[in-house]
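Hi,

Here is the model I promised to pass on. Please have a look at it first, and my notes on what I found follow below.

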Amino acid sequence: MPEATDVAVRDLSRISGGASRETYRFVASWTQGGQARERKLILRRDPPASLIDTERRIEFEAYRAFHGTSVPAPEMLWLEEGDGPLDHPFFIAEEIVGFQAGPGLLWADPYLDTHARLAERKWTILGEIAKADPVANGLAAVMPAVAAGDCWNRELTYWEGVLNDDEAEPLPIIRAAIRWLRANPPPPAQKVGVVHGDYRTGNFLYDTEGQIHGILDWEMAHLGDPLEDLGWSLNPIWTFGRGLAGGLVPQDQAVAIWERASGLTADPAALHWWTLFNCVKGQAIWVSSARAWLDGGNREPIMVYPAWAMTNAQDRAALQVMGRL
Amino acid sequence: MIPSVPAVLMDLAGKVAANAAPHVNPVDRASALGLSALLMGLAAENWDSAAHHLVMENRAFRTLLARGAAYAPPPAEHAEDDFRLSALAAENGRLRAALITLQTAVEGRDEAMNDAIWAELRASTERRKTQGSAV
C-alpha cells in the first residue's frame with residue numbers, strides 16, 4: 001500500500017488453537033486518497049516449532065489459487081518469508097467474519113438440523129478441489145510434481161520418515177499399518193490434482209444454514225491423488241465419536257457427494273488404502289506435536305493436546321480401518 | 001502419556017501463574033487457561049489407572065514375546081521392581097519395540113500368533129481409551 005499513510009493496527013488478539021501456525025486477528029486502519037479506511041485482517045505466523053513443517057509460500061499460493069472460485073477461500077494480501085519483520089515468516093489475509101470453525105458447536109442446536117446440507121457442501125467443495133486443474137490455476141508451478149503412479153509412495157515415505165524422526169515410543173499398530181500399505185499399494189491416481197492435505201470438519205467456516213464460507217488451513221496442500229483428501233476426511237478420528245463421516249453423514253453418502261462433484265470414482269479398495277494411509281499420517285502429526293514440546297521448541301499447551309487426546313484414538317482408528325476393532 | 005504428566009503439569013503450573021497477572025490480555029488468558037484445564041482433566045482421568053495399565057500391558061507383551069521366541073528372540077529379562085510411571089513406560093517402550101519385530105516376523109507365517117498380537121494391541125487401546133475419545 002505505497003499510497004497509504006497513518007497505518008495503524010488495533011484490537012490484536014490471538015485465536016486459540018492452531019498448532020501449526022500462530023493465528024491472530026486485528027483491525028488495520030490507514031488513510032488513502034484523503035479517506036480513512038479500515039479492514040479486519042488475519043495474521044498467520046510460523047511458530048518457533050510446529051507439528052508440521054511446510055512452506056508458507058505454497059500455502060499462500062493455494063489460498064490465492066482458489067480465492068474467487070467455487071472453492072471459498074479468504075483473500076491473501078501479503079506474504080513475508082523472511083524472519084526480519086516479525087521474527088518468523090507470516091502472511092496476512094482478509095478475515096471472513098461472522099462464522100464458526102470449531103466442530104464442537106455442530107453437535108448442538110442450532111446446527112444439528114444442518115448436518116445434511118453442510119455435508120453436501122463439504123464434500124462438494126472437496127470434489128471441486130479434486131476437479132481443479134493445477135496447471136490452469138498456477139499451483140503446478142509452485143508445488144513439487146509427482147507422477148500418478150508415485151503419489152502413494154511419496155506420501156507414505158514422507159510420513160513414515162516423520163514417524164521415524166519424531167516418535168517418542170514405538171507404535172506397533174501404525175507400523176503394522178505401514179507394512180500392509182507397502183504390501184498392498186493402490187492403483188495409480190486417476191489424475192494428479194491439488195490435495196488440500198487437511199480437509200476435515202473443523203477446517204472450514206460454516207453458518208447456521210449449513211453453508212460454508214471459507215476453506216482454511218492449506219498448509220499441507222500439495223499435488224497428489226485426490227483420493228488422499230477424501231481418505232483424510234473419512235479418517236475415523238474425524239467422526240468425533242459420532243460414527244459418521246466428519247461427524248455429519250454416513251460414509252457412503254459423503255463418498256457419493258464427492259464422486260458427483262469431482263467426476264472421479266472412489267474405488268473402494270483404493271479409498272480403503274488412502275483412509276488407512278491417513279491414519280498413519282494423522283499419527284505422524286500427533287507424534288510430531290509431542291516431539292515439538294519434548295524438544296522445547298514449542299511449549300504451548302496446544303502441542304500437548306493432540307499427543308494426549310489423539311494418539312490412542314488414532315491407533316483405534318487404524319484398527320477400525322483394518323477391521324481389527 | 002507422552003509428554004509425561006509431571007513434565008506437562010509443571011509447565012502448566014508456570015502458565016497458570018503467569019496468567020494470574022492482571023495485565024494479561026483476556027482473550028489470551030482464556031485460551032491458555034482453557035487448554036490448560038483440558039489437559040489437567042486428561043491427566044486426572046489417567047492418573048489412578050496409569051501404573052496399573054502399564055503393568056498389565058507389560059505382562060501381556062512379555063507373554064506374547066515368550067510365546068513367539070521361535071520367530072524373534074525376546075528381549076532380556078527385566079526385573080520389574082521399579083514402579084514409577086517413568087520406569088514402567090520405559091520398559092513398555094522396550095517391549096513394544098520387540099513386539100513390532102515379532103509381529104513383522106510372524107505375519108504370513110503364523111496367523112494364530114499374529115491374531116494374538118492383534119488382540120493384545122486392541123486391548124491396549126481399550127485400556128488407554130479416554131472418556132472423550134473420538135474412536
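In this predicted model, start with chain B, where helix α1 (residues 5–19) packs on helix α2 (residues 26–47) at an angle of about 150°, with the two axes 10 Å apart. Since an angle over 145° counts as roughly antiparallel, α1(B) is roughly antiparallel to α2(B). The crossing of α1(B) past α2(B) is left-handed. On the α1(B) side, the contact is made by B:Val5, B:Val8, B:Leu9, B:Leu12, B:Val16 and B:Asn19. From α2(B) come B:Asp28, B:Arg29, B:Ala32, B:Leu33, B:Ser36, B:Leu39, B:Met40, B:Ala43 and B:Trp47. Sorted by class, the residues of this contact are eleven nonpolar, two polar and two charged.

Next, the interface of the two chains. Here 40 residues of chain A are in contact with 41 residues of chain B. Between them the chains bury about 3,500 Å², and 68% of that is on carbon and sulfur atoms. Within chain A, the residues that lose the most area to chain B are A:Trp308, A:Arg316 and A:Arg324, which together account for 24% of what that side buries. The rule finds five salt bridges across the interface of chain A and chain B. As for A:Arg299, this residue forms a salt bridge with B:Asp11, and the closest N and O atoms are 3.7 Å apart.

A:Pro172, A:Arg175, A:Ala176 and A:Arg179 meet B:Arg96, B:Ile100, B:Gln103 and B:Thr104.

Lastly, a pair inside chain A. Helix α2 (residues 115–131) and helix α6 (residues 251–262) of chain A pack at about 40°, their axes 7 Å apart, which makes α2(A) oblique to α6(A). α2(A) and α6(A) have a right-handed crossing. Residues in the contact include A:Trp123 and A:Leu126 of α2(A) and A:Ile257 and A:Trp258 of α6(A). By class, the contact of α2(A) with α6(A) divides into eight nonpolar, three polar and three charged residues.

Best wishes

Conventions:
Residues are numbered from 1 along each chain as its sequence is written. Chains are lettered from A and ligands numbered from 1 in the order in which they are written. This is a predicted model: local features need pLDDT of at least 70, side-chain atom pairs count only at pLDDT 80 or more; totals for chains, interfaces and linings use all residues. Side-chain values use heavy atoms; hydrogens and water are left out. Axes are lines fitted to C-alpha atoms, for helices over the stretch in contact, and angles run from 0 to 180 degrees between N-to-C directions. Helices (H or I, at least four residues) and strands (E, at least two) are DSSP runs, numbered from the N terminus. Angles under 35 degrees count as roughly parallel, over 145 as roughly antiparallel, 65 to 115 as roughly perpendicular and the rest as oblique. A crossing is left-handed if the near helix is turned anticlockwise from the far one by less than a right angle, and right-handed if clockwise. Contact means heavy atoms within 4.5 Å. Ala, Val, Leu, Ile, Met, Phe, Trp, Tyr, Cys and Pro count as nonpolar, Asp, Glu, Lys and Arg as charged, and the others, Gly among them, as polar. Buried area is the accessible area (1.4 Å probe) that two parts lose on being put together, summed over both. A salt bridge is a side-chain nitrogen of Lys or Arg within 4 Å of a carboxyl oxygen of Asp or Glu.
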